[in-house]
Amino acid sequence: MAPNWPPPPAAIDRKRIIMSISIKSLTKRFGGFAAVDGIDLDIANGELMALLGPSGSGKTTLLRMIGGLDFADEGTLLIEGEEATVTAPHARRVGFVFQHYALFRHMTVFENVAFGLRVARRKPKLAEAAIKQKVMDLLELVQLAPLAGRYPNQLSGGQRQRVALARALATEPRVLLLDEPFGALDAKVRKELRRWLRDIHKGMGVTTVFVTHDQEEALELADRVAILNKGRIEQVGTPAEVYDRPASAFVCDFLGGGTRLDCQVEGGAALIGNARVPIVNAAPAGGKAIAYIRAHDIELADGGPDILQARVRLVQPVGPQLRLDLDFNGQVVEAVLDRDSTQTAPVPGQLVGLRLRQANVYAG
Amino acid sequence: MTGRSFFSVFPRRDRSIIPGFGLTLGITLFYLTIIVLIPLAALALRPMDLGFSGFVAAVTQPRVLAALKLSFTTAFFAAAINAVFGLAVAWMLVRYEFPGKKVVDAIVDLPFALPTAVAGIALTALYAPNGWIGQYLDPLGIKVAFTPLGIVVALTFIGLPFVVRTVQPVLEELDTELEEAAACLGATRLETFIRVIFPVIMPALMTGFAMALARAVGEYGSVIFIAGNMPMVSEITPLLIVIKLEQFDYAGAAAIGVAMLLISFIMLLVINLLQRWSRRWAGM
């Protein structure tokens, strides 16, 4: 590809680095409702950042403010150290990829990608040969060069999304922003595109922020994940950090927290029924609390200490897994077993013993 | 016997789950035949009395040629004016919220509802040299009523709803993300309109233009009041047909009618082809 993009930083030196995006107490209200409520976030140069949250959490509004499509009521936004709170989108030099692609359907794939190179504001003006070279390089990168003469209507969803990405990259943005980039695609294409986006990001090292409501997507793709809820950031960290040490009940629940059970904290362990379950996070010192037990942290056990009795309600083989719905004192407990290692699969109605390996516990 | 023999006219693979093909096809053919085809056939057969040379002689009379030229040029200008200002009205109705928007929206349809003769009388009263508007235009040397300009005014009035109502839904469906995408890529507002929005609404605009044009070519009621109806100057073709009928020259009237029909058909065909070209991106 063109040599204009900086190579990816081999080792991120957190002290020396210029923040690519620096957000200070950014707030955006629609009517009386704060869609984004005082968010602070720093995104390092070359980082691949995910904004993860349920719908209405403010993640898309935050992305649109970074892109200059919405403007903050309060707070500041710096892009590469330059004030960008209220500047126009083109002045920020960001590339934006929309959820529904927003391709110009009356233009060919080539003309779509060339659009940003032909606009009057573009300085210096590129010669036609240079535009052609650049567009074909980008189409080569997104593996769509043979389809340059097609119209968007003639492409599949995944191909359209790649055109949208090539179009956004054509103007050599300092920051690439993607709004639910894979939301409208089917599972297989989504998986391919994820891998492919990560490769492109690695190759170019352009700072990238993407919005998603799919926790698996965020954890798989991002260098760091910011989890949003009701316009605020609940936690920022690497995928491993946020998954292993969820800072709040919301984060734990959103990242596949599993079953929620009432418990009693006693001597550094959670007491559920008669079973003592090890706590992995910084839990409240004592008293009533809520325990989250992930489905794969539950195993069947015939006997021994700290066993809960539960009745099997539903057994569902899903690929290599066996998913169980269990009834424990009227509460539904979800468990996932390995199909290969389960000698005899439990049947509905059967009474089984459960061992809970660990729990995340939060004040109730 | 099974249902298969009943449907055997249609090969199996062509059968569709969408119901009513046979029924609607039958209705369509019957309806078009009695409403459109038979009257048009009668019209085309009528000038046969004249023979081909008689037909040519009837439609190439200087008065007929002048009327045809006047009808089509005024209709063209009126449709063109409506294309520009109708687009502006549709844009405003779709893009902005303002008090009285519903009223404005309703006013657009008034030319549909009003008997066109009433519109003609009202416009004549306004634009006559002593009328509300005419009295200010007259000293400037601009004469509207009783001239071809008056015809354009009347045809513009009756053609307004067509462009607005065809462009409006397309503008409503236009994704604002397209404009945001263009803005992110550095396009100015004007560039965004010319290169992103206009090509998408162009086919609808041409449909509206064609409908306004077709309507204007056939318009009679409003025009005869404001036109002055001077032969060779401001006499429109439909009026000339009526005059021929009043003189019991049925074949001559039908000959002019056929000439109008042919010209209209060719114009609509050309517009249709242009429209298809402007939508070439929509096909598969």
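Helices (H or I, at least four residues) and strands (E, at least two) are DSSP runs, numbered from the N terminus.

Two notes on conventions. Residues are numbered from 1 along each chain as its sequence is written, while chains are lettered from A and ligands numbered from 1 in the order in which they are written. As the model is predicted, local features need pLDDT of at least 70 and side-chain atom pairs count only at pLDDT 80 or more, whereas totals for chains, interfaces and linings use all residues.

Now the cores. Which residues touch the most other members of the largest nonpolar core? They are Ala50(A), Val113(A), Leu177(A), Ala226(A) and Ala291(A), out of 102 residues in that core. Helix α5 (residues 157-170) of chain A gives the largest share of this core, seven residues. Apart from it lies another core, of 58 residues, including Phe55(B), Ala58(B), Leu160(B) and Val164(B). A nonpolar core is a set of buried Ala, Val, Leu, Ile, Met, Phe, Trp, Tyr and Cys residues joined through C-beta atoms within 7 Å. Buried means 20 or more other C-beta atoms within 10 Å of the residue's own, exposed 12 or fewer, and partly exposed in between, with C-beta atoms placed from the backbone.

Leaving out residues up to four places away in sequence, Val113(A) touches Val135(A), Leu138(A), Leu139(A), Val163(A), Ala166(A), Arg167(A) and Ala170(A).

Ala291(A) takes us to a strand pair: this residue stands opposite Val361(A) in β20(A). Strand β14 (residues 287-293) of chain A and β20(A) run antiparallel and are joined by four bridges; two strands pair if DSSP finds at least two bridges between them. Both belong to an open sheet of five strands with antiparallel pairing, in the order β13-β12-β11-β14-β20 (chain A). The edges are β13 (275-278) and β20 (360-363) of chain A, each with a single partner strand, so one side of each has no neighbour in the sheet.

On to chain B, which has 14 helices and zero strands. Its C-alpha trace spans about 65 × 60 × 30 Å along the principal axes. Of its 284 residues, 33% count as buried. Among contacts in chain B with a separation of 6 or more, 78% are between residues 24 or more positions apart.

Met92(B) is found in helix α4 (residues 62-95) of chain B. Is Met92(B) buried or partly exposed? Met92(B) is partly exposed, because 13 other C-beta atoms lie within 10 Å. Its C-alpha atom is 9.6 Å from that of Gln168(B), 76 residues apart along the chain.

Thr192(B) lies in helix α11 (residues 189-218) of chain B. Thr192(B) is also partly exposed, with 19 other C-beta atoms within 10 Å.

Note on methods: Contact = placed C-beta atoms within 7 Å.
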